[in-house]
Amino acid sequence: MNDTTENAFEKAAAFQKIWMDTFTRMAQSGFSLSPDSTPPEFLRQMRSGIFHALSKSWEEFMRSPQFTESMKGMMDNAIAFRKMSNDFLTGAHHTFQGTARADIDSLMLALRHLETRILDRVEDISTRLDQLEQRLDGAPRNGKASAHGKNVPPQRKRKTAARRTKATGKQS
Amino acid sequence: MTENTTVNNPWFRWQQSLLDEGFANMRRMSRIPFLWEKSQAVKKGATPSEVVYEEDRLKLLHYLSDAKPRYKTPLIFVFALVNRPYILDLKENRSVVSQFVKSGFDTYLIDWGAPQHADRHLTLDDYINGYMSNVVDYVCERTGAPQVNILGYCMGGTMSTMYTALHQRKVKNLMLLAAGIDFATRDGLLNFWTDPNAFDVDAFVDAFGNAPAEFLQATFQLLKPVQNLIEKPINFFEKVDDDKFVEDYFTMETWLNDNIAVPGEVFREFVKCLYQKNLLVKNRMPVGKHTVDLRKITCPILNIMAQADDLVPCAQSAPFNDLVSSRDRKSIVVPAGHIGLAVGSKAQKEAWPEACRWLADRN
């Protein structure tokens, strides 16, 4: 018996086990009912017992390696399909000399790298300016770590991009 | 046969209960045509607010009160990047925000907005050292207070923890609400499902960009499939003639289905560094070019957890108090689920008034 067949049997066995457990629990919940209960109440109690049994069995199943394995298979397929459709659409756009989403993504990424480099540089300059100010004020100089910006709380200044609005009315 | 024996006769009781159930079903059916209208009449948010700051998609809401704030240090709510923040201000009698506003706190809430495909490259660094830091600076500037109080919910709690560790001097008190800190626990299903052998987050983000709202919604539904997909609709039908129940149900469902995507890079960092490598408790969590060290947190801590939380189990939040250097640490465990922690009646009656008192004592 090869690995694939064995794997399939294991999955089937795990799946059979949850249903067996579920039915056992359901039967137990049915036996625990009082014979004096009226039909709607009886059914409600039985239903609640069944749901309880079902949720317990599913919780156990969803923690099993068989479930995670099938979930992984499903996710891998979804990812492969998405990649395939992305490639196809990019190809189609490029054929007609159009701009695909992948091109915009690359552009955005390039801009982000540029932004990161500029912001890092600005942070560095700001640290140096702080130090210079401190020196000019006659305050004691910070240590080496400060010179490299390590003691400075991290912050990405984005205030130029920010739009501060005054009270724009009530929201509810 | 006397009247008493007739009533005690099981056959009579059976017939009576079947008749009652039949009439109840007719009553329920008659309400169905009006459900659509009710579902559309749901209001989002209960406390009046104004937008005082905007940056990219972020909006900072300031909650309005008739009375002047009693406490000088403002309070900022930091919600998760998943779902919308109005769960914290859902309805008049189920609002965490209104509890703090009524207690005299100058209250703000960060609405991160819905990320679009162009936001897929935003990282935790952008959110924590960018947006959040700018919001705190703005609130300090606006109120004249040197520090702020922060309340972080769920993923927002984890982000607030990182922010506090990096900017301790700006935070006076930190309150966490079902915040994931120690991801080593296997109590929650998400911890199982995000195992590196089961979930390739890199391939996922590379293919999809942002983590799609539908994907997140399906994952959350799958945490309790029997309750969410079978029991809930049945319970709803049984109580469809109860107007109060229907109103609450639609309010809750509107929020639950109002999902938003999570920026791809944030999702990657969250899954990889937290769920898979558990770097936060190891004090090795990278945020941009900085590393989060929880020992740098020295402010008073209030850690609120939900006993029956299937998303962020108590075991994921509880270790936090032992990982920080704060001397003033407190935990509250509420007998509720992840959402019940904010809107549940038990939490509203007991936990939140206690949280307000805790914060008031430290202002």
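Where in chain A is confidence lowest, and where is it highest? This is a predicted model, in which local features need pLDDT of at least 70 and side-chain atom pairs count only at pLDDT 80 or more, while totals for chains, interfaces and linings use all residues. Residues are numbered from 1 along each chain as its sequence is written, and chains are lettered from A and ligands numbered from 1 in the order in which they are written.

**View 1. Chain A and its confidence.**
To take up the opening question: confidence is lowest in helix H5 (residues 144-147) of chain A, with a mean of 40, and highest in H3(A), with 93. Here pLDDT is the predictor's confidence in each residue, from 0 to 100. Over residues 143-151 of chain A the pLDDT falls below 50, and this stretch has eleven contacts in the model beyond near neighbours in sequence. Two residues are in contact if their C-beta atoms, placed from the backbone, lie within 7 Å. Residues 159-172 of chain A also stay under 50, and there the model has 25 contacts beyond four places in sequence. Where pLDDT is low, the predicted coordinates should not be read in detail. The average pLDDT of chain A is 76, and 69% of the residues score at least 70.

**View 2. Chain A as a set of helices.**
Chain A has five helices and zero strands, giving the pattern α-α-α-α-α along the sequence. Helices (H or I, at least four residues) and strands (E, at least two) are DSSP runs, numbered from the N terminus. Of the 172 residues in chain A, 4% count as buried. A residue is buried if 20 or more other C-beta atoms lie within 10 Å of its own, exposed if 12 or fewer, and partly exposed in between, with C-beta atoms placed from the backbone. Among contacts in chain A with a separation of 6 or more, 47% join residues 24 or more positions apart.

**View 3. Helix H3 of chain A and the residue Gln97(A).**
Helix H3 (residues 65-95) of chain A has 31 residues and reaches 44 Å from its first C-alpha to its last, close to the 45 Å expected at 1.5 Å a residue. The expected span is 1.5 Å times one less than the number of residues. Just after H3(A) comes Gln97(A), with a positive phi of about 55 degrees, although Gln97(A) is not a glycine. Most residues other than glycine have a negative phi. Gln97(A) sits in the loop between H3 and helix H4 (101-137) of chain A, and it counts as exposed because it has 6 C-beta neighbours inside 10 Å.

**View 4. Asn83(B), another positive phi.**
In Asn83(B), a residue other than glycine, phi is positive and near 65 degrees. Look for Asn83(B) in the loop between strand E3 (75-78) and helix H4 (96-102) of chain B. Is Asn83(B) buried or exposed? Asn83(B) has 23 C-beta neighbours inside 10 Å, so it counts as buried.

**View 5. Helices H5 and H6 of chain B.**
Helix H5 (residues 124-143) and helix H6 (residues 155-166) of chain B pack at an angle of about 80 degrees, with their axes 10 Å apart. Axes are lines fitted to C-alpha atoms, for helices over the stretch in contact, and angles run from 0 to 180 degrees between N-to-C directions. H5(B) and H6(B) are therefore roughly perpendicular to each other; angles under 35 degrees count as roughly parallel, over 145 as roughly antiparallel, 65 to 115 as roughly perpendicular and the rest as oblique. On the H5(B) side, the contact is made by Tyr127(B), Ile128(B), Asn129(B) and Met132(B), and on the H6(B) side by Met159(B), Met162(B), Tyr163(B) and Leu166(B).

**View 6. Helices H8 and H12 of chain B.**
The axes of helix H8 (residues 201-208) and helix H12 (residues 264-276) of chain B come within 10 Å and cross at roughly 175 degrees, so H8(B) and H12(B) are roughly antiparallel to each other. Val201(B), Asp202(B) and Val205(B) of H8(B) meet Gly264(B), Phe267(B), Arg268(B), Val271(B) and Lys272(B) of H12(B).

**View 7. Ala336(B) and Lys346(B).**
Ala336(B) lies in the loop between strand E10 (329-334) and helix H15 (340-343) of chain B, and it counts as buried because it has 22 C-beta neighbours inside 10 Å. Lys346(B) belongs to helix H16 (residues 345-361) of chain B and, with 12 C-beta neighbours inside 10 Å, counts as exposed. Between Lys346(B) and Ala336(B) there are 7.8 Å in space, C-alpha to C-alpha.
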